[in-house]
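Here are my comments on the model, as numbered points. Please read them with the structure open.

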Amino acid sequence: ITLNVDMKNSIAKIQPTMYGIFFEDINFAADGGLYAEMIKNRSFEFEDPKMGWTEPNSEKYYMNTKSGFAHVTRYSGVNTNRNYVSIKVEDEQGYSLINEGFRGMGIKKGAHYNMSLYAAIGEGNISKIKIAFIDADGKDLGNTSISIRGSNWKKYDTVLTPTITEAKAKLSITFQGTGTVNLDMVSLFPEDTWKGRKYGMRKDLVKLLDDLDPGFLRFPGGCIVEGRTLAQRYQWKKTVGPLADRELLINRWNTEFAHRPAPDYFQSFGLGFFEYFQLAEDMEAEPLPILGCGIACQFNTGELVPLEDLDPYVQDALDLIEFANGDIDTPWGQVRNEMGHPEPFNMKYIGIGNEQWGSVYIERYKVFEKAIKAKYPNMIIVSGSGPAAEGDYFEYGWKELKKLNAEIVDEHFYSSPEWFRENAARYDTYDRNGPKVFAGEYAAQSVAITSPDNKNNWECALSEAAFMTGLERNADVVHLTSYAPLMAHSEGWQWTPDMIWFDNLESYGTPNYYVQKMFGTHRGTDVLSIQENGKPLTGQHDLYASATKDTDSREVLIKLVNTSDKDQTLNIDFKGQKLADSGRGLVLRANNLEEVNSFEFPKKISPQPSEVALRKNKTKVVLPAYTFMIIKAKME
Ligand code: AHR
């Protein structure tokens, strides 16, 4: 098989946003995941305010059983959050409250953990609180204590250093003396967060994201944007400002509509819109917030805001742009400034609605579009067409959005690996004059969409690589793409497959992660033609290919995917530019299609470097069965 690469003519420019990431707080991706807070229900705001907390009366950890009790008091804790806990200690034996963390707390020997809490003493003589990591048997794994004083709310800080590494630690808080004391915002973070930020993010997880070199960060979802009901939609304004003021919300994935509902899933919004913008900035990715458009999640109630009542929703969008980009003397620019970021975030994109469709969506989209463009004509608006299954709504959405000259349409694919292989030519026939595409959520499903048995196996990842050659060849139409969902806690997930898996100590990238990484870090600036007998490879001989060049690094980048069970020999003939006599390869493959990465073997399927011999602008490559390979060569 001979492939011809034309290096002279650029077919299309590749957008810097071509490969990005889609973050949604599903599978405990934010609280219990990226957001490094280790205390579950730190401010006693869950529906059951003591969820996550146990008392000695109901636990075996402490000898005494009757020395005190906690009750939750409403409406006067720290700042505007509603609850605080009142502890009454009745005898000197000591009384403890224990937090279980997010399915345990992962602690590392010798590392430092920043602990803080707000306390106000009532009556009696409690003046000391002992804080300790404990194991399942109540054994002390490292402790410290804080002295408290005064009846006014005060913040206290201390540092804990575990004596061992333990994946399932808990935190106990023991009061010495008798009397009453009130507590709120009990918080524990590893000191070693991403960029060392206090109340920051898990370093290992952000590193995995950063290593993808993402072109954009889409947030905060996904279905959670819309909410189960309109009242429970994601409201960005409630996620900024002081931590204790951020009003907690039940997570949309804490529901009977989730495949594995998690009753303890709430959004603390410690990871809020400011933090998302900051994360995007850290990764040099374009921030791409998606806002609700006045329709609750279609898979839940689908509740609608009457058009005449849409104003507050539209105002949220306008205010968000001001929050991200406005001068510090504008009301929302000032909020950003007070949070420590006087410079604008330079937001260029805003998404309106997630997976909504039909005339109800279009009617609402029009109102947003008019208002946003009137005030911010350069803001690029991402609209949505819903999941790209066979449904008529999808066709309808596209037709209407085309009429409106929509700029970018978000379409989603969750389908079988075969579907991905068969759709590598999907965008070859898209209208070159219509809206651009944001392939905003896609993932091959090894069993069936939303099946809890789906695996991140090699067949799925390889099929996505085949599909992605089609995205890349059509970079004139496809401007943004992202795999979904992004992350999952191995003990707390609602949806599988997911690109990154983690527990409280470890994390790893799936084969799908490495496919994304290989594309994202070998993007190139221009699409080139790569053809066999005058045609692109979109599955003939079970082969797929795309070619790009990077005009900055002066490299040509060839992506080849062999989905067959046989090794295949390819002769590649480069024309139009002289190449160096040797190139480099990066090979991603597995021994069989069922193979996966795991906590035990996190890099079983990961890119391996190889040498590629080039002679007189030609090379011969043996592409092993079931392989994704990138070839790089310098243009002289
Ligand atoms: O990625 C999981 C869910 O799939 C998203 O929340 C939603 O947009 C889609 O249906």
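**Notes on the model**

1. Start with one residue pair. Leu291 stands opposite Ile352 in β19. The strands involved are β18 (residues 286-291) and β19 (residues 349-352), which run parallel and are joined by 2 bridges. Keep in mind throughout that this is a predicted model.

2. Now the sheet around that pair. It is an open sheet of 8 strands with parallel pairing, in the order β3-β15-β18-β19-β20-β21-β22-β23. Its edges are β3 (21-22) and β23 (478-483), each of which pairs on one side only. Helix α9 (residues 458-473) lies across β22 (436-444) and β23. The angle between α9 and β22 is about 170°.

3. Which residues surround the ligand? The shell consists of Glu24, Ile26, Gly221, Gly222, Cys223, Asn354, Glu355, His412, Glu441, Ala484, Pro485 and Trp495. By class, 5 of these are nonpolar, 4 polar and 3 charged. Several backbone features worth checking involve this shell, as the next points set out.

4. Gly221 and Gly222 are joined by a cis peptide bond, with omega at about 10°. Gly222 sits in the loop between β15 (216-219) and α2 (223-226). Both glycines are among the residues around the ligand.

5. A cis bond also runs from Ala484 to Pro485, where omega is near -15°. Pro485 belongs to the loop between β23 and β24 (487-489). Ala484 and Pro485 are likewise listed in the ligand shell.

6. Glu355 is in the loop between β19 and α6 (358-375), and it is one of the residues around the ligand. Why flag such spots? Because most residues other than glycine have a negative phi, and most peptide bonds are trans.

7. An open sheet of 3 strands has the order β24-β25-β26, with mixed pairing. β24 and β26 (507-509) are the edge strands, each pairing on one side only. From one strand to the next, the twist averages 20°. β24 and β25 (residues 500-502) run parallel, joined by 3 bridges. Across them, Ala488 stands opposite Trp501 in β25. Helix α1 (residues 203-210) lies across β24, β25 and β26, at about 15° to β26.

8. Strand β32 (residues 579-589) has two partners to examine. With β35 (residues 627-635) it pairs in the antiparallel sense over 8 bridges. With β33 (residues 608-613) it is joined by 6 bridges, again antiparallel.

9. On the overall layout, the chain is divided into domain 1 (2-13 + 526-635), domain 2 (21-36 + 193-520) and domain 3 (53-190). How far apart do the C-alpha centres of domain 1 and domain 3 lie? They are 56 Å apart.

10. Finally, the annotation. An unreviewed UniProt entry assigns "domain: Alpha-L-arabinofuranosidase C-terminal" to residues 440-627. Over residues 440-627 the chain is 14% helix and 41% strand. The end C-alpha atoms of that stretch are 25 Å apart. Compare these bounds with the division above: domain 2 includes 193-520, and domain 1 includes 526-635.

Technical notes: Residues numbered from 1 in each chain as written. Predicted model: local features only at pLDDT ≥ 70, side-chain atom pairs only at ≥ 80, totals over all residues. Domains from an automatic or database assignment. UniProt positions renumbered as here; feature names shortened; annotations may be inferred. Helix = DSSP H or I, 4+ residues; strand = E, 2+ residues; numbered from the N terminus. Near = placed C-beta within 6 Å. Nonpolar A, V, L, I, M, F, W, Y, C, P; charged D, E, K, R; others polar. Pairing = 2+ DSSP bridges. Contact = placed C-beta atoms within 7 Å. Axes fitted to C-alpha atoms, helices over the stretch in contact; angles between N-to-C directions.
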